[in-house]
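Here is a short report on one protein chain. Keep the model open while you read.

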Amino acid sequence: MDHVLVQAMHDYQRQGTWRERLLDLTLRSWDAYAALPQLAKDTSHYPGSGPGSQLVIEETLQALSDAGVPEELIPEWYHRLVTLSVSLISAHAAGQSSGPTEQK
């Protein structure tokens, strides 16, 4: 899983507003996992802890801080944001990897 994020974050540079950075991080993750739908489903159960995952985590935390989220609320907001993102990516991946009968 981490190898996928390392590749997705390969040319990432912290640029733009906090919103633009969060959107960039989310779309990079989405695109990376869309190519590997089973991996996306697994990610919701087994989050990575390698350099790719750490970069996404650090950049997300920094964007939340730059957005003005109070320091004591950043962990909660991060958890909510990641839970929502992983859920959406996993649901999309499940739909892409399911057969017509399962999709119905």
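## Overall layout

Helices (H or I, at least four residues) and strands (E, at least two) are DSSP runs, numbered from the N terminus.

The model is predicted: local features need pLDDT of at least 70, side-chain atom pairs count only at pLDDT 80 or more, and totals for chains, interfaces and linings use all residues. Residues are numbered from 1 along each chain as its sequence is written, and side-chain values use heavy atoms, with hydrogens and water left out.

## Surface and contacts

The accessible surface is about 6,800 Å². Carbon and sulfur atoms hold 56% of that surface. Areas come from the Shrake-Rupley method with a 1.4 Å probe; for residues, only the protein chains shown count as cover.

Of the 104 residues, 31% are buried. Buried means under 20% relative accessible area, exposed over 50%, and partly exposed in between (1.4 Å probe, protein chains only). Among contacts (heavy atoms within 4.5 Å) with a separation of 6 or more, 70% join residues 24 or more positions apart.

## Nonpolar cores

A nonpolar core is a set of buried Ala, Val, Leu, Ile, Met, Phe, Trp, Tyr and Cys residues joined through side-chain atoms within 4.5 Å. The largest has 11 residues, including Val4, Leu5, Tyr12, Leu25, Val56 and Ile89. Helix 1 (2–8) and helix 2 each give at least two residues to this core. Another core lies apart from it, with 6 residues, among them Leu22, Ala63, Val69 and Ile74.

## Helix 4

Just after helix 4, Gly68 has a positive phi of about 95 degrees.

Glu59 belongs to helix 4 (residues 51–66). Its relative accessible area is 7%, so Glu59 is buried. Beyond four places in sequence, Glu59 touches Tyr12, Arg14 and Leu25.

Ser29 lies in helix 2 (residues 18–34). Ser29 counts as buried because its relative accessibility is 12%. Leaving out residues up to four places away in sequence, Ser29 touches Leu5 and Ile89.
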